[in-house]
Amino acid sequence: MTPSGTPTMLVTGGASGIGTSVVERWLNAGGRVALLDVNEEAVQKACARLGTDRVYGHVADVRNDAEVAAVVGAVATTFGGVIDAVVNCAGIAQPIVAAEGADEDWTRMIDIHLNGTMRVCRAAHPYLKASGRGAIVNISSIAGTLGLPGRSNYCSAKAGVEGLTRGLAVEWAPHVRVNAVAPGYVQTPMIDTLIADGKLDARPIVARTPLDRFCDPDEIAAVICFLASDLASFVTGQTLRADGGLTIDGNWYGVSSGGNDD
Ligand code: NAD
C-alpha cells in the first residue's frame, strides 16, 4: 500500500468500456488510479470527465515494451514506488476467417491480448511485490473456453491469458495474486461496433444466456475490483466466469425440468 494508505491501481484499456468502469469503481472506493490506453483522445476525455486529482492518464501501446516499461515506471513513481493492483483490459475485436487471415492480423491479436498482458505484468511485478498485497486481474472471455467461428485468433489469445494467469499465480506467490475474469457479452463500444457492423447478432446471444440479457460493464468491474481487493486475499490462479451462465448452460437441447420453467 502507498504511504498514504490509499490503494492504487493501474488499468490498461482504461479509456473505454470495462476498463473505464473499473477506474470509476476504484475511484468511488477511495483509491487512486492510473489508466493506460493507446487512444490519446479517449484518455484525455476520460480523465476530464472523471474530474478528480486521483486519476492519472497515460498514453501507451501494450504492444510496445519500452512504452509499457516507461508508463509503469512513471505510475510507480506517482504512487510512491508501490502499485497495489493491475488490471489488464486493453483489447480489440477483429473477427477473421481463419483460412484467409493474414499473419500480421493473427500476430496483432496475440500481441495485444496475450503478450501485452505479459508485458504489463512483468513491468509492474516489482511494484506489486513491494505492495505486500499486490494483485493482478487479467481479462479473458467466454472465448477462452468456447470455440467461436471467425474468432480463432481471439479464442487463442484468451485461452493464453488464462494459462498465463495460472503460471504467474504460482510463480509470483506468495507476494502477488493473479486471477482472471471471463466475461460473457458486455455492452461496451467493442460489442456495439461488432453488432453495428453485422458481425454479431444480439438476439441469439440473449436467448442463449440463462440470465437473459447482456451484461453492464459495471457488473464486470465489480468482479474485477473484488479480485483486485483484499476481499479475495486467498484467491489466486482462478478464472472467474461472469457470463450470465452462458458457459454452464447445458440446456441447449431443451431438457424438461418437469415443472414450471419461468
Ligand atoms: P473497448 O473497446 O470498450 O475498450 C478497449 C480499450 O483498449 C480501448 O480504450 C482501446 O483503445 C484499448 N486498447 C486497444 N488496443 C490497445 C493497445 N494496443 N494498447 C493499449 N490500449 C489498447 O472494449 P471492452 O469491451 O471494454 O473490452 C475490454 C476487455 O474485455 C478486452 O480485453 C476484451 O477482449 C474483453 N472482453 C470484452 C467483452 C465484451 O463483451 N465487451 C467480453 C469478454 C471479454
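Start by selecting S140, which sits in the loop between β5 (134–139) and α5; helices (H or I, at least four residues) and strands (E, at least two) are DSSP runs, numbered from the N terminus. A word on ground rules: this is a predicted model, where local features need pLDDT of at least 70 and side-chain atom pairs count only at pLDDT 80 or more, while totals for chains, interfaces and linings use all residues. Residues are numbered from 1 along each chain as its sequence is written, and side-chain values use heavy atoms, with hydrogens and water left out.

Is S140 buried or exposed? S140 is buried, at a relative accessible area of 2%; buried means under 20%, exposed over 50%, and partly exposed in between (1.4 Å probe, protein chains only). Now show side chains: that of S140 makes a polar contact with the side chain of E162 at 2.7 Å. A polar contact here is a pair of N or O atoms within 3.5 Å; within protein, one must be able to donate a hydrogen and the other to accept it, and residues adjacent in sequence count only if both atoms are side-chain atoms. Leaving out neighbours within four places in sequence, S140 is in contact (heavy atoms within 4.5 Å) with K158, V161, E162, V181, A182 and P183.

Next, pick A169, in helix α5. A169 is buried too, with a relative accessible area of 5%. Residues up to four places away in sequence aside, A169 touches V176, V178, T236 and G237.

Now for the inside. A nonpolar core is a set of buried Ala, Val, Leu, Ile, Met, Phe, Trp, Tyr and Cys residues joined through side-chain atoms within 4.5 Å. The largest one has 34 residues, and L10, I83, V86 and I136 have the most contacts inside it. At least two residues of this core come from each of β2 (32–37), α3 (65–78), α4 (103–131), α5 (152–171) and β6 (176–183). Which helix gives the most? That's α4, with eight residues. Zoom in on I136: beyond its neighbours within four places in sequence, its contacts are V86, N88, C121, L128, W172, V176, R177, V178 and N179. Apart from this core lies another, of 33 residues, including V43, C215, I224 and A232.

Time for the charges. A salt bridge is a side-chain nitrogen of Lys or Arg within 4 Å of a carboxyl oxygen of Asp or Glu, and by this rule there are 11. Select E24 and R49, whose side chains meet at 3.0 Å, N to O. E24 is in helix α1 (residues 17–28) and R49 in helix α2 (residues 40–50), so the pair ties together parts that are 25 residues apart in sequence. E24 is partly exposed at 26%, while R49 is exposed at 52%.

Then jump to R122 and D65, a salt bridge with its closest N and O atoms 3.4 Å apart. R122 lies in helix α4 and D65 in helix α3, so this pair ties together parts 57 residues apart in sequence.

Last stop: L231, in the loop between α8 (217–228) and β7 (239–242). L231 is exposed, with a relative accessible area of 73%.
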